[in-house]
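Open the structure in a viewer and keep the selection tool at hand. The stops below say what to select and what is there.

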Amino acid sequence: MYGAVSAVSDLSLAVRRGEFLTILGPSGSGKTTALMLLAGFVAPSKGDILIAGKSVVSVPSYRRDQGIVFQSYALFPHLTVRRNLEFPLEMRGIKAAERAVYVNRMLERVHLKDFGSRMPSQLSGGQQQRVALSRALIADPPLLLLDEPLGALDRSLREQMQGEIKSLHREFGQTTVCVTHDQEEALTLSDRIVVMRAGQIEQTDTPEALYDRPATRFVAKFLGEANILETSAFKVEADAGPPLGTVAMLRPERICVAAQGAPRRADADKRQFVTGIVEDMIYAGPLRKYHVRAGGIGLIVREHVAAGQQIFRPGDEVRLDWLRSDVRFVTA
Ligand SMILES: Nc1ncnc2c1ncn2[C@@H]1O[C@H](COP(=O)(O)OP(=O)(O)O)[C@@H](O)[C@H]1O
Ligand SMILES: [Mg+2]
């Protein structure tokens, strides 16, 4: 609670040793608060936090064995890269000669061997973030906490740094809790993802399970594109009837688009067919995206671009089909 504001409530979460867990949610959903609780910067109004079975709520954050990286790199601006990296080691009482060994090894590891004597302001954003990550990892803490660590970087650098975070996690094996609003980042990095909405956990699962079997409409839409088939004129066929209080959901890449009257595949008896009119076609490199109006609703269809494919244009009549087993039901 921040005064009368309840930023997160009923948050119950078990992080496994060595796991990479991501807290994913829109801005204001309580991600940072959840991480600050874990880090000990904010005390919970109620409840407990255990690390390796021991309560840590009364342990101040500086006494905890954890590394933290924030979106704004928060390097010490008046210290060189080398001195920044030495800091956590110094705090642990490690002698200068030994510190130098650790720092050299780390600088080498993150490809910043020649940057030790630079000041943070003399580094690019990506380099600063690599130093911040290195500083969080250098004393080998059992717990690593990351809050939007790549938020300030441009797209290609983000992807490169995602790879770097992943390989550092593989190498150091820290239990890691990462906060992000970027679903692609969460899917790429995590063993498990916690989806947060308005201060509460909406669903927790592996990236694949969350994407393929979202429990709620919110999760379905937050992790990629989702066709919600609730007001269609056609009746959605499914192998089992829809559970009470749910709506049918189909991922765009599960829908096939073909010309009216095109030959059907061998598994046609497992599929539902509907007709529609193409409203828009968007070419995006390896993918082609169609907006199709069918049964009174707009559907998004995504197909991988391949040789010999028929390309449809706005106004074309098409046949859409999908496996009945690809239909999901999410709570409304
Ligand atoms: N210090 C604070 N005082 C009052 N309200 C706060 C404070 N920090 C965050 N909040 C509120 O708590 C909610 C969650 O914020 P936050 O954890 O920062 O979300 P996120 O990191 O997901 O964007 C928001 O409604 C925010 O306005
Ligand atoms: Mg935040």
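Helices here are DSSP runs of H or I with at least four residues, strands are runs of E with at least two, and both are numbered from the N terminus. This is a predicted model, in which local features need pLDDT of at least 70 and side-chain atom pairs count only at pLDDT 80 or more, while totals for chains, interfaces and linings use all residues. Residues are numbered from 1 along each chain as its sequence is written, chains are lettered from A and ligands numbered from 1 in the order in which they are written, and side-chain values use heavy atoms, with hydrogens and water left out.

**Helix α1**

Now select residues 31-39, which form α1. Eight of the nine residues of this helix are buried, where buried means under 20% relative accessible area, exposed over 50% and partly exposed in between, with a 1.4 Å probe and protein chains only. The buried residues are Lys31, Thr33, Ala34, Leu35, Met36, Leu37, Leu38 and Ala39. To see what covers them, show β1 (20-24), β4 (66-69), β5, β6 (175-180) and β7 (192-197), which are among the covering elements.

Step back to serine 29, in the loop between β1 and α1. Is serine 29 buried or exposed? Serine 29 counts as buried because its relative accessibility is 2%. Its side chain reaches the backbone oxygen of proline 26 at 2.7 Å, a polar contact, that is, a pair of N or O atoms within 3.5 Å; within protein, one must be able to donate a hydrogen and the other to accept it, and residues adjacent in sequence count only if both atoms are side-chain atoms.

**Ligand 1**

Next, select ligand 1 and the 10 residues around it, a residue being near a molecule or strand if one of its heavy atoms lies within 4 Å of it. Which residues come nearest? They are Gly28, Gly30, Lys31, Thr32 and Thr33.

- Glycine 28: a polar backbone atom is 2.6 Å from an oxygen atom of the ligand.
- Lysine 31: an N or O atom of the side chain is 2.8 Å from an oxygen atom of ligand 1.
- Threonine 33: a polar side-chain atom lies 2.5 Å from an oxygen atom of ligand 1.

Taken alone, ligand 1 exposes 560 Å², and the protein buries 58% of that; accessible areas come from the Shrake-Rupley method with a 1.4 Å probe, and for residues only the protein chains shown count as cover. The shell around the ligand has three nonpolar, six polar and one charged residues. In this classing, Ala, Val, Leu, Ile, Met, Phe, Trp, Tyr, Cys and Pro count as nonpolar, Asp, Glu, Lys and Arg as charged, and the others, Gly among them, as polar.

**The cores**

Select Leu85, Val131, Leu133, Leu146 and Ile165 next: they have the most contacts inside the largest nonpolar core, which has 30 residues. Such a core is a set of buried Ala, Val, Leu, Ile, Met, Phe, Trp, Tyr and Cys residues joined through side-chain atoms within 4.5 Å. The elements that give it two or more residues are α2 (81-91), α3 (96-109), α4 (125-137), β5 (143-147) and α5 (155-172). The most comes from α4, with five residues. A second, separate core of 22 residues includes Ile255, Ala259, Ala294 and Val318.

Return to leucine 146 and show its contacts (heavy atoms within 4.5 Å). Leaving aside neighbours within four places in sequence, leucine 146 touches Phe20, Leu35, Val69, Leu133, Ile165, Thr176, Val177, Cys178 and Val179.

**Helix α2**

In α2, select the buried residues Val81, Asn84, Leu85, Glu86, Pro88 and Leu89. These pack against α3 and α4. Just after α2, glycine 93 has a positive phi of about 75°.

**Two loop residues**

Aspartate 140 is in the loop between α4 and β5. Its phi is near 55°, a positive value in a residue other than glycine, and at 47% relative accessibility aspartate 140 counts as partly exposed. Glutamate 148, in the loop between β5 and α5, also has a positive phi, near 45°. Glutamate 148 is buried, with a relative accessible area of 10%.

**The whole protein**

Zoom out to finish. The protein has eight helices and 16 strands, and buried residues make up 46% of its 332 residues.
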